[in-house]
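Please have the sequence and the 3D view open while reading.

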Amino acid sequence: MSETYIARSSAIAARLLAGEMLVMNSANSTFFTLNEVATAIWQAADGKTPLRNIVRDNVCEQFEVEPGQAQADAEQLVTELSEHGILLISDHPLTSETAS
Amino acid sequence: MATPKHVACVEIGGTPISLCTSDGFFLSMVEQRYEPFLSTARARFQLEFEIIEATAATDDDVRVHRHGSEWQITRGDFLARWNSRTGTGFVRQNANPYSLDSVLRILHSLILAEQGGFLLHAASGICKERAYLFSGVSGAGKTTMTRIAPPDVRLLTDEISYIRRFDDAYVAFGTPFAGELAKAGENCKAPIACLFFLEKGPENRIEEMPSTEAVRRLMRNILFFAEDPDLVNKLLASACDFVDQVPTRLLRFYPDARVWNHIRQVEGVPLHV
């Protein structure tokens, strides 16, 4: 079974405010507010850590979420963010294009 | 023999920019249009203008690109180059004052981004030494808020507010960039008491708003022209800092003068003397 790797796009600006990550795509000015769980996934998106490990270490442990549901929600989230140019998804490790 | 250069220094937002041209007619237009903002200060930035024959009206979008410290700004009616490191630039345009307004707005937005400030689609006015800002998209009521302002309110702008960060406060400056009111703001400044996001409604009501929503609305109304991640990052950081420092509220208002009674009751941030 192949792994999923995620990295932050270089075309975005991001800022943490009141526990939520504000993300803006500089190419089209679309603006997103990520909740705490999505922020945790976003912050861990280094292109090297498999999504499965991110969900295990940064979501299930931190937020006491059932692993199967957390994995499904995370996959849906990263798909949506990639469609908006916010995250890059690959089945092999990526170079994270932005600073943390 | 070299063509003599004419120079006018236009200081908006405490940022003097020297405008150089060999075209006497263009200089006269500059001096007339920006008369309250002419300055004898030593200019920190310089723009050289080449005036060309009028071009056909265009609806082209402005395009702003950066290569290192070199910015190139183009629209159908002008071409500008700006070096953010040296603070110098070149503009080729016709003598249309609206083209010049656009060039100056874009240039100030780039300069401000480096200083933690920004230009905002907002009307603003000073009341009792504090500035109140009213932001919103076209039709939200910016010009209306200035039209119904009491006589003791000094108009900073009905369209584009100039916001700078100083050590202890965010300050709003008057600008010559007018909207429907067709009247330049006064050349004065004041610390910002409150930023209101405008929404018309059946009654006057001021509501708190989550900081993330305030940042989202702020970013929607900040003027920036570049699809440049570094620039957008700076503006997002400035927007977050602004919302952290300055009260931001939703103002639902019925467009008559009574709304100003509500505005005056917002204390806002302490006045720095």
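How much space lies in the second largest pocket? About 330 Å³ lies there. The model discussed here is predicted.

## Pockets

The second largest pocket has a lining of 16 residues. Those that lie nearest its centre are Val62(B), Val64(B), Phe225(B), Ala226(B) and Glu227(B). Strand E4 (residues 63-67) of chain B gives four residues, the largest share of this lining. By class, the lining of the second largest pocket holds seven nonpolar, four polar and five charged residues.

The largest pocket contains about 400 Å³ of space. Helix H2 (97-115) and helix H4 (211-221) of chain B are the elements that give two or more residues to its lining. In total, 19 residues line the largest pocket, and His121(B), Arg220(B), Ile222(B), Leu223(B) and Phe224(B) lie nearest its centre. The lining of the largest pocket comprises 11 nonpolar, three polar and five charged residues.

## Salt bridges

Side chains of opposite charge can pair when their charged atoms come close. How many salt bridges does a search of the whole structure find over all chains? The search finds 21.

Arg205(B) takes part in two of the pairs described here. With Glu203(B), the closest N and O atoms are 2.8 Å apart, and with Glu207(B) the closest N and O atoms are also 2.8 Å apart. Glu203(B) is partly exposed at 43% relative accessibility, Arg205(B) is partly exposed at 37%, and Glu207(B) is partly exposed with a relative accessible area of 21%.

Another salt bridge joins Asp230(B) and Lys234(B), with the closest N and O atoms 3.3 Å apart. These two residues are separated by about one helical turn, because they are four residues apart in helix H5 (residues 229-245) of chain B. Asp230(B) is partly exposed, with a relative accessible area of 38%, and Lys234(B) is partly exposed at 27%. Elsewhere, salt bridges that share partners make one network of Glu199(B), Glu203(B), Arg205(B), Glu207(B), Glu213(B), Arg216(B), Arg217(B) and Arg252(B).

## Nonpolar cores

Which residues of the largest nonpolar core touch the most other members? They are Leu47(B), Val215(B), Leu218(B) and Met219(B), in a core of 75 residues. H2(B) supplies nine residues, the largest share of this core.

Val215(B) has contacts in both chains. In chain A, Val215(B) touches Leu17(A), Leu22(A) and Phe31(A). In chain B, leaving aside residues up to four places away in sequence, Val215(B) touches Leu236(B), Ala239(B), Cys240(B) and Val243(B).

Is Ile41(A) buried or exposed? Ile41(A) counts as buried, because its relative accessibility is 3% and the limit for buried is under 20%. Ile41(A) belongs to helix H1 (residues 36-44) of chain A. Not counting residues up to four places away in sequence, Ile41(A) touches Ile6(A), Leu51(A), Ile54(A), Val59(A), Ala74(A), Leu77(A) and Val78(A). The C-alpha atoms of Ile41(A) and Ala72(A) are 13 Å apart, and 31 residues separate the two along the chain.

Thr79(A) lies in helix H3 (residues 67-83) of chain A. Thr79(A) is partly exposed, at 37% relative accessibility. Between the C-alpha atoms of Thr79(A) and Ile89(A) there are 7.9 Å, with the two residues 10 apart along the chain.

## Positive phi in two loops

Most residues other than glycine have a negative phi. Ser29(A) has a positive value, near 65 degrees, and is not a glycine. Ser29(A) sits in the loop between strand E3 (20-25) and strand E4 (31-34) of chain A, and is partly exposed at 39% relative accessibility.

Where does Lys128(B) lie? Lys128(B) is in the loop between strand E8 (118-127) and strand E9 (130-135) of chain B. The phi of Lys128(B) is positive, about 50 degrees, although the residue is not a glycine. With a relative accessible area of 65%, Lys128(B) is exposed.

Key: Residues numbered from 1 in each chain as written. Chains lettered and ligands numbered in written order. Predicted model: local features only at pLDDT ≥ 70, side-chain atom pairs only at ≥ 80, totals over all residues. Heavy atoms only, no water. 1 Å grid on protein atoms, 1.4 Å probe; cavity = no way out; pocket = protein on both sides within 12 Å on 5 of 7 lines; lining within 4 Å. Points joined across faces, edges and corners; volume = space filled by probe spheres on them. Nonpolar A, V, L, I, M, F, W, Y, C, P; charged D, E, K, R; others polar. Salt bridge = Lys/Arg side-chain N within 4 Å of Asp/Glu carboxyl O. Buried < 20%, exposed > 50% of the residue type's maximum accessible area, 1.4 Å probe, protein only. Core = buried A, V, L, I, M, F, W, Y, C linked by side-chain atoms within 4.5 Å. Contact = heavy atoms within 4.5 Å.
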